[in-house]
Amino acid sequence: MASGIVNCVRTLGIHYKHVGRNVSFTQIREKKRWMKAYTSIMARKLKLEGPPPPKRRSQHPNWDYHAEVQAFSIRLHEDFSLELLKTAFVSPCYVQSEQQRRQALLGMDSETTALVLGDNVQLSAQGLGFTQSFLSDWSKASFPCLPNEGLTAIVSHLTSSAVICHVARNLAIEELTMSAEFPVPDVVLYSTFTAVIGALQQSSGAEQAGFFLRDFLATQLIGKDLFDMWMVVDPMALLVEELARQNLPLPEPRLIRSAGASTVLPLYFVGLYSDKTLLGQGPGETVLVAEEEAARVALRKFYGFTENRRPSDFSPPQNFQQQAIQSSST
């Protein structure tokens, strides 16, 4: 009987103490008494001091910079020159801050403490020029009906700081960038990404660098609307110019249908016709807004930038496919 009670006590998580024939029991709390006070103190400290500042990846244990640079090249399936790639990751602000730190530690002049380390200024300029020229040619080939203003807007969007920094952070370029500040500022990250493009162009040629830009920058157009990148103030005037250039009759707006005209949330559908041909239709809370939306729909059709357009060809080059087949067969 006593052994059965002891087994039940053990299963319930209660400690027992056997003294002679008497058995004393002590209940164990699931949560320690000091835990509530400790967690409240730590929460108050976090609220007052804020979260800890981010640390560089190089400040964590098990960091090998040379191995990480090699892994970056292999992970992207690109043939970089390691010396050029390491130079591409060195920003000018890092060289200046490191030289100032050495002068403060050693107390010597700048010539004695000079670093034998090149920055990425030339590679960045070369990569930026190549990026802009390649994206311009790619946009003209992909959207031949788009006017120069639209092509310029697409290239400006793809080479903007927001897009390039987004791609650079997802490629882990920020972790390898040698910068004076951390997190790496967008300006430094932008120049580092273009320097990587310049290093790839010098290492593998312009064709391979173009494939890199096509795979990582041109794909940022997926899901983007044309007029989110190209701000057109008067789409109807632009549509009139396009129709005049193609020797087509001027557009004629017609109210197709409406709903809730006497309510606070009316909805109108306006269609644009050119010689009894429907160019496009669009909704709006007013007739004017619906007419402008219909003009945008018609312009997307003329320029070949509709949502159901044929997707771009992002397949790898033929020689890369042959190498992959040979490597898989071996």
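Is threonine 159 buried or exposed? At 12% relative accessibility, threonine 159 counts as buried. Buried means under 20% relative accessible area, exposed over 50%, and partly exposed in between, with a 1.4 Å probe and protein chains only.

The views below come from a predicted model, in which local features need pLDDT of at least 70, side-chain atom pairs count only at pLDDT 80 or more, and totals for chains, interfaces and linings use all residues. Residues are numbered from 1 along each chain as its sequence is written, and side-chain values use heavy atoms, with hydrogens and water left out.

**View 1. Overview of the protein chain.** The secondary structure comes to 15 helices and five strands. Helices (H or I, at least four residues) and strands (E, at least two) are DSSP runs, numbered from the N terminus. Of the 330 residues, 32% count as buried. The chain exposes about 20900 Å², and carbon and sulfur atoms supply 55% of that area. Accessible areas come from the Shrake-Rupley method with a 1.4 Å probe; for residues, only the protein chains shown count as cover. Among contacts with a separation of 6 or more, 55% join residues 24 or more positions apart. Contact means heavy atoms within 4.5 Å.

**View 2. Confidence along the chain.** Mean pLDDT is 84, and 83% of residues reach 70 or more. pLDDT is the predictor's confidence in each residue, from 0 to 100. Over residues 9-19 it stays under 50, and the model has 20 contacts beyond four places in sequence for this stretch. Residues 320-330 also have pLDDT under 50, with two contacts beyond four places in sequence.

**View 3. The open sheet E3-E4-E5.** Three strands form this sheet in the order E3-E4-E5, and the pairing is antiparallel. Strand E3 (252-259) and strand E5 (277-284) stand at the edges, each with a single partner strand, so one side of each is left without a neighbour in the sheet. The twist averages 20° from one strand to the next. Strand E4 (residues 267-274) pairs with E5 over seven bridges, in the antiparallel sense. Two strands pair if DSSP finds at least two bridges between them. Tyrosine 273 stands opposite leucine 278 in E5.

**View 4. Helix H14 across the sheet.** Helix H14 (residues 287-303) lies across E3, E4 and E5. H14 runs at about 135° to E5. Axes are lines fitted to C-alpha atoms, for helices over the stretch in contact, and angles run from 0 to 180 degrees between N-to-C directions.

**View 5. Two loop residues with positive phi.** Most residues other than glycine have a negative phi. Asparagine 62 has a positive phi of about 60°. Its loop runs between helix H2 (33-49) and helix H3 (65-75). At 75% relative accessibility, asparagine 62 counts as exposed. Aspartate 275 has a phi near 55°, again a positive value. Aspartate 275 is found in the loop between E4 and E5, and is exposed, with a relative accessible area of 59%.

View 6. The bond from phenylalanine 182 to proline 183 is cis, with omega near 0°. Proline 183 is found in the loop between helix H9 (173-176) and helix H10 (186-204).

**View 7. The surroundings of threonine 159.** Threonine 159 sits in the loop between helix H7 (148-158) and helix H8 (161-170). Not counting residues up to four places away in sequence, threonine 159 touches Thr131, Gln132, Leu135, Ile164 and Tyr190.
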